[in-house]
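Dear colleague,

I am handing over the structure below, and after it you will find what turned up when I went through it. Please read the two side by side.

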Amino acid sequence: MTNLYETDFHAWAFEQAGLLRAGKLAEADLSHLIEEIESMGRSEQRELVNRLVVLLLHLLKWRFQPALRGNSWRLAIKEQRIRLASHLEDNPSLKSKLDTAIARAYRLTLIEAERETGLPESIFDPVCPYSFSLILDDGFWPDGD
């Protein structure tokens with residue numbers, strides 16, 4: 001079992017699924033199954049942060065580069081709001097991790113915003129200026145100060 005886990009993950013996964021379906025828990029590779037299930041949970045958290053980074057980046061660009069606003073940015077914001085809401089619908093327990101996810105995402109967003117806009121990081125708020133409800137609000141479009 002372990003050897004297949006190391007040499008052919010795909011085959012191992014289907015073998016494990018078959019063993020679990022057949023109720024053969026004693027034959028299943030439980031230590032690796034536990035590891036993989038925990039990894040799946042972490043992956044969903046990373047997806048939440050990644051979606052937030054993309055959305056927050058576009059919100060910052062919208063706010064700080066009004067002359068460059070266009071359909072592409074508008075649609076990116078709209079799309080990411082839908083994807084983020086869907087991800088949370090599929091994983092409702094992630095809602096309890098939103099504050100941490102937003103803080104992590106915003107730190108990454110600042111790097112991307114500086115890279116993509118050419119503006120210094122100091123121009124952006126040091127902490128995320130938007131609540132989660134604003135981030136997801138279809139009617140919210142940040143204006144420049």
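Leaving aside its neighbours within four places in sequence, Leu56 is in contact (heavy atoms within 4.5 Å) with Ala105, Tyr106, Thr109, Cys128, Tyr130 and Ile135. The model is a predicted one, in which local features need pLDDT of at least 70 and side-chain atom pairs count only at pLDDT 80 or more, while totals for chains, interfaces and linings use all residues. Residues are numbered from 1 along each chain as its sequence is written, and side-chain values use heavy atoms, with hydrogens and water left out.

Leu56 also belongs to the largest nonpolar core, which has 29 residues, and together with Leu48, Leu52, Tyr130 and Ile135 it touches the most other members. Such a core is a set of buried Ala, Val, Leu, Ile, Met, Phe, Trp, Tyr and Cys residues joined through side-chain atoms within 4.5 Å, where buried means under 20% relative accessible area with a 1.4 Å probe, protein chains only. Two or more residues each come from α3 (30-64), α4 (71-90), α5 (98-117) and α6 (132-136), and α3 gives the most, with 11 residues.

In secondary structure, the protein comes to six helices and zero strands, these being DSSP runs (H or I, at least four residues, for helices; E, at least two, for strands) numbered from the N terminus. Along its principal axes, the C-alpha trace spans about 65 × 25 × 25 Å. Of the 145 residues of the protein, 34% count as buried.

With best wishes

How values were computed
Buried < 20%, exposed > 50% of the residue type's maximum accessible area, 1.4 Å probe, protein only.
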